[in-house]
Amino acid sequence: VNQHIDTDEPQTELHKMTPGLEQKQIGRLQAARARRDSQHVETTLTQLRQAAASQQNLMDPLLDCARAHCTVGEIIQSLQQVFGTYTETPVF
């Protein structure tokens, strides 16, 4: 299957996060969560879930979530509650 291997292509270096940088980013995330209005965040995430469940356009609720300083993870988790998680079926 792999008779031809392209040796001219350089190896891609993987990014490795240092523990110090990881802790710094965690601290920034915790600080951002402490500064925001938690009630407003929950309200916008609920509106996003409701819009997703009713097949409405999601752009306005997504923008409201961003303006309320919802994290990407929180937004994704809200959408996964409605749509589920896609798992690709391998084809051989």
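This note goes through the fold, the overall dimensions, the surface and one residue of the structure above.

1. The model is a predicted one, in which local features need pLDDT of at least 70 and side-chain atom pairs count only at pLDDT 80 or more, while totals for chains, interfaces and linings use all residues. Residues are numbered from 1 along each chain as its sequence is written, and side-chain values use heavy atoms, with hydrogens and water left out.

2. The protein has four helices and zero strands, in the order α-α-α-α from the N terminus; helices (H or I, at least four residues) and strands (E, at least two) are DSSP runs, numbered from the N terminus.

3. The radius of gyration is 20 Å, whereas a compact globule of 92 residues would have one near 12 Å; the value is taken over C-alpha atoms, and the globule rule is 2.2 Å times the number of residues to the power 0.38. Along the principal axes, the C-alpha atoms fill a box of roughly 60 × 40 × 20 Å.

4. Of the 92 residues, 18% are buried, where buried means under 20% relative accessible area (1.4 Å probe, protein chains only). Among contacts (heavy atoms within 4.5 Å) between residues at least 6 apart in sequence, 66% join residues at least 24 apart.

5. Ser78 lies in helix H4, which spans residues 72–83, and Ser78 counts as buried because its relative accessibility is 3%. Leaving aside residues up to four places away in sequence, Ser78 touches Leu45, Leu48 and Arg49.

Key. Buried < 20%, exposed > 50% of the residue type's maximum accessible area, 1.4 Å probe, protein only.
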